[in-house]
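Here's a quick briefing to read with the structure open beside you.

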Amino acid sequence: AAAPPPAPPIPISVHPAFPSLLIPSPHPNVILFLRMLIEDRPETSPKIDGFLGAAAAATTLSIVLTATPTTTFSTVPIAPTTPTTETALTKKSTTPTKASTTYQVVNATAELIKHYEGSKPGKTSDTLGIYLDVAGNPTACYGRLLTPTQAQAYRQQHPDGIPKTLCAQWLKQDTITAMRTVLEQSNPTVPMKSGELAALTSLTYNIGEENLGKGLRKNLATGNYEAATSLLPQYNKAVIGGILQPVLGLTNRRQAEVHIATSGLPYYNGKALPPPEELRNSLEAVAEEINTKTAQLEGQIQRRQALQLKRDQDLLLTR
């Protein structure tokens with residue numbers, strides 16, 4: 001019998017809200033998922049970076065993640081229905097616990113936020129600097145607002161820039177703070193979709209709780225999350241030179257958030273999460289774990305800095 005014809009390749013479409021994200025149909029967040037893997041498995045970072053570069057030049061693309069110690073990626077055309085050992089949107093075959101599910105949502109949302117928050121390179125490749133945001137506020141890493149006093153203190157403590165590892169932990173902490181605000185404002189018994197939570201968290205991270213409008217808060221309180229996310233495009237302005245005006249970057253970000261709200265996050269697609277009241281409890285467990293890791297990392301950085309300072313002082317004494 002003649003061999004069956006090869007399956008047609010999965011076409012790539014580029015969503016206008018994601019100018020640098022390739023969106024392979026039918027999985028709109030697969031590139032975001034790959035970036036999440038860098039956080040979960042740092043040893044795959046060079047492979048993923050190289051793969052993303054190759055994907056950017058491709059005209060057709062199918063993604064297969066092979067669950068082996070060496071983690072490989074393939075761009076051979078396959079049918080969307082072809083069974084695989086592990087596809088890009090099913091990283092784990094086991095059913096996650098509530099806490100691990102929440103952790104995944106936090107990580108995915110943090111990656112979304114990171115994509116749209118500005119950052120400034122530090123003096124070394126493994127650091128990020130302190131910069132002024134579009135409104136002229138001192139900001140560190142990925143949109144962490146600082147007071148002028150804090151900015152001065154961090155510059156003194158990290159003269160070459162803030163380590164990216166610490167920035168990543170701060171991003172998660174600030175993402176949790178924004179997510180907590182969204183859950184506190186939401187109807188405690190009405191579940192929301194993963195994309196809705198991510199989009200609303202991204203907005204809150206960006207503009208601050210105090211700037212959430214009455215209409216959006218009302219929709220959250222009544223559990224009408226689709227109506228709440230439909231209001232996101234209104235939040236595309238910033239005060240520049242004393243004038244409130246639209247900002248193209250914010251307009252693009254709001255469009256991306258609306259897209260995420262409807263398409264969902266990796267792992268979940270359009271599935272609903274547990275009710276906000278239940279999510280809040282698991283979020284606190286995740287926050288405790290991340291805060292502990294952040295404190296440990298800050299301690300390690302301080303010890304390394306103290307050791308380097310002592311070495312420099314000893315070197316001066318020997319001259």
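This is a predicted model: local features need pLDDT of at least 70, side-chain atom pairs count only at pLDDT 80 or more; totals for chains, interfaces and linings use all residues.

With 13 of its 14 residues buried, α6 is largely enclosed by the rest of the structure.

**Helix α6 itself**

- From first C-alpha to last, the 14 residues of α6 reach 20 Å, close to the 20 Å expected at 1.5 Å a residue.
- Just past the end of α6 sits Gly208, with a positive phi of about 90 degrees.

**α6 against α9**

- On the α6 side, the contact uses Gly195, Glu196, Ala198, Ala199, Ser202, Leu203, Tyr205, Asn206 and Ile207.
- The α9 side supplies Leu250, Arg253, Arg254, Glu257, Ile260 and Ala261.
- Sorted by class, the residues of this contact come out as 8 nonpolar, 3 polar and 4 charged.

**α6 against α5**

- Helix α5 (residues 164-185) has an axis that comes within 8 Å of the α6 axis, and the two cross at roughly 110 degrees.
- An angle of 65 to 115 degrees counts as roughly perpendicular, so α5 and α6 get that label.
- From α5, the residues involved are Leu171, Asp174, Thr175, Ala178, Met179, Thr181, Val182 and Leu183.
- They meet Leu197, Leu200, Thr201, Thr204 and Tyr205 of α6.

**Thr127**

- Look for Thr127 in strand β5, residues 127-128.
- Its relative accessibility is 6%, so Thr127 counts as buried.
- The Thr127 side chain reaches the backbone oxygen of Thr124 at 3.0 Å.
- Leaving aside residues up to four places away in sequence, Thr127 touches Pro121, Gly122, Asp160, Gly161, Ile162, Pro163 and Lys164.

**Cys141**

- Cys141 lies in the loop between β7 (138-140) and β8 (144-145).
- Its phi is near 55 degrees, a positive value in a residue other than glycine.
- For context, most residues other than glycine have a negative phi.
- Cys141 is also buried, at a relative accessible area of 1%.

Methods: Residues are numbered from 1 along each chain as its sequence is written. Side-chain values use heavy atoms; hydrogens and water are left out. Contact means heavy atoms within 4.5 Å. Helices (H or I, at least four residues) and strands (E, at least two) are DSSP runs, numbered from the N terminus. Ala, Val, Leu, Ile, Met, Phe, Trp, Tyr, Cys and Pro count as nonpolar, Asp, Glu, Lys and Arg as charged, and the others, Gly among them, as polar. Axes are lines fitted to C-alpha atoms, for helices over the stretch in contact, and angles run from 0 to 180 degrees between N-to-C directions. Angles under 35 degrees count as roughly parallel, over 145 as roughly antiparallel, 65 to 115 as roughly perpendicular and the rest as oblique. Buried means under 20% relative accessible area, exposed over 50%, partly exposed in between (1.4 Å probe, protein chains only). A polar contact is a pair of N or O atoms within 3.5 Å; within protein, one must be able to donate a hydrogen and the other to accept it, and residues adjacent in sequence count only if both atoms are side-chain atoms. The expected span of a helix is 1.5 Å times one less than its number of residues.
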